[in-house]
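Dear colleague,

Please find below the structure that I am handing over to you, together with its sequence. A summary of the findings follows it.

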Amino acid sequence: MNPKHAAPKFLIVATLCAASLAQAATPAKYVFFFLGDGMANPQVQSTEAYLTTINGGSATLAKDLRKPENRLNMSKMKVQGMQTTYDAGALMTDSASSATAFASGLKTKSGVIGMNETMTKSYKSVAELAHQKGRKVGVLTSVSLDHATPAAYYASVESRGYMNNIATQLTQSGYEFFGGGGFASPEGPARAGDTSNNIWDLLDKQGYKILNTRQSILALKKNPPKGKIVAINPTLDDSAAMPYAIDRPATNVSLTEMTEVAISSLFAQGKQSGFFLMVEGGKIDWACHANDAVAAIGDMLDFDSAIGKALDFYKQHPDETLIIVTGDHETGGMTVGHATTGYTAYYDKLLDQTNSYEHFAANQWEDHKATYAKGYQWKNPKNLANNAAMVALLNDTFGLEWASLNDYQKEKLEDAYDKSMTKTDTAPGQNNNSDAENTLLYGSYEPIVVTITHILNEIASIGWTSYSHTGVPTPVYAQGPQAPRFQGFYDNTDIAKRLAKAMDLGVNLPSPK
């Protein structure tokens, strides 16, 4: 090797020392695995730029962006790495196959949970292995408890759509704590091939206590349970998921609060044996699918605040704790920058959005359409501009002033407004665009709503390329004596394998059931 291209000796020594330290460190007794669904570097950077702005700084000044109070807990963690996200059959993974990689160290196809790509063998997750070793286990998520990511830690199914089957396996897991959303198919079946069990009855038979009020859930912080708990928020959306953080009712428990409760509960039962806690920020992904940056950022902040609770625990048990944070894939093709803003950014433009796209569509927009849809003539070129109520909605909910928009932005909003106002259960809606153009512009989302968030995001300097997942690698952040195992560049299946070694589970992954 050319000496000019050789790695410096101090770098080689430092790398070897880090590796040997990880090998020599005491096995991690208390392990946290935080998964930001749909989270990659753009979601992290845009959230820090937003945080800088709401803290009174400028998202265009390095001196402001670098202040500790404007950084996320995750990005300040001592060890950082990067992992590839593709699955066995695609460069762009889904959450089932990526969660299987994280949980079982196994590549599989999209839609498959805890099984190989031929769906002929099932594999144990690190949570199952930890539980078999006597550790207490908790699973938290902001989406439903039978969704793809949490499912990979306790279930094995051919299809993530078999949500009743997944929930049935949850009741059989014996894990000590589940919390966040509810069950999407508690009595099933959601689709052909699924089971039709009554999940509430099964939970009761297996000794689980179900809590579904803010007061009863938060009471566990001071009075940790001795038995098994399923803590479900009282207000859920149609998919049995928690509302977005930006829309959270005062009666709900945030992901941060749920994490704090889970830590108290698991530690009380696992002081001797230790615990494993998986926490998913699941609706980061959903917001990015819909290209709503503010909704995604709100859930990123709640997710990062939950990480802060784990770091507080780490400070009390620094020699026995391991915290891992990563994303399963990027969603939406989010970019920090846009063609219309050049090299600057205007994150202050995001501060006036008061609700998520989902809340707006189900409430303000639904009411508006019910009032004005009758007799609507879509060929009128200024339907939106001439509707003072809609112009006011743009300003009141998203901070968009009609008079300040350029002609192209107004044209896009007019077309989307026509499409949404004429869309019914039996008709697709009409406007001046071709069918192909409408598909590319709106995907499966409400045309006017997704167009509003697109324009607001573009003004702020955030772009989107997709309504689906993308294939970029995602960052890994780690803290604790075993954290050096997670530095470098590696595959997502290596996460589970390194976790198994960090916890000294005594088995190589993937491990067949």
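This is a predicted model: local features need pLDDT of at least 70, side-chain atom pairs count only at pLDDT 80 or more; totals for chains, interfaces and linings use all residues.

Residues are numbered from 1 along each chain as its sequence is written, and side-chain values use heavy atoms, with hydrogens and water left out.

The sheet

Strands β4 (residues 136–141) and β8 (residues 275–281) run parallel and are joined by six bridges. Strands (E, at least two residues) and helices (H or I, at least four) are DSSP runs, numbered from the N terminus. Two strands pair if DSSP finds at least two bridges between them. The open sheet has ten strands with mixed pairing, in the order β6-β7-β5-β4-β8-β1-β9-β14-β2-β15. Its edge strands, β6 (208–211) and β15 (488–491), each pair on one side only. Helix α12 (residues 293–316) lies across β1 (30–36), β8, β9 (321–327) and β14 (474–479), where contact means heavy atoms within 4.5 Å. Helix α12 runs at about 165 degrees to β1 (axes are lines fitted to C-alpha atoms, for helices over the stretch in contact, and angles run from 0 to 180 degrees between N-to-C directions).

A kinked helix

Helix α13 (residues 357–372) has a kink of about 40 degrees centred on W365; the bend at a residue is the angle between axes fitted to the seven residues ending there and the seven starting there.

Salt bridges

There are 13 salt bridges in the structure, each a side-chain nitrogen of Lys or Arg within 4 Å of a carboxyl oxygen of Asp or Glu. One of them joins E458 and K412, at 3.6 Å from N to O. Because E458 lies in helix α17 and K412 in helix α15, this pair ties together parts that are 46 residues apart in sequence. Both E458 and K412 are buried. Separately, K63, D64 and K67 are linked in a network of salt bridges.

Yours sincerely

Notes. Buried means under 20% relative accessible area, exposed over 50%, partly exposed in between (1.4 Å probe, protein chains only).
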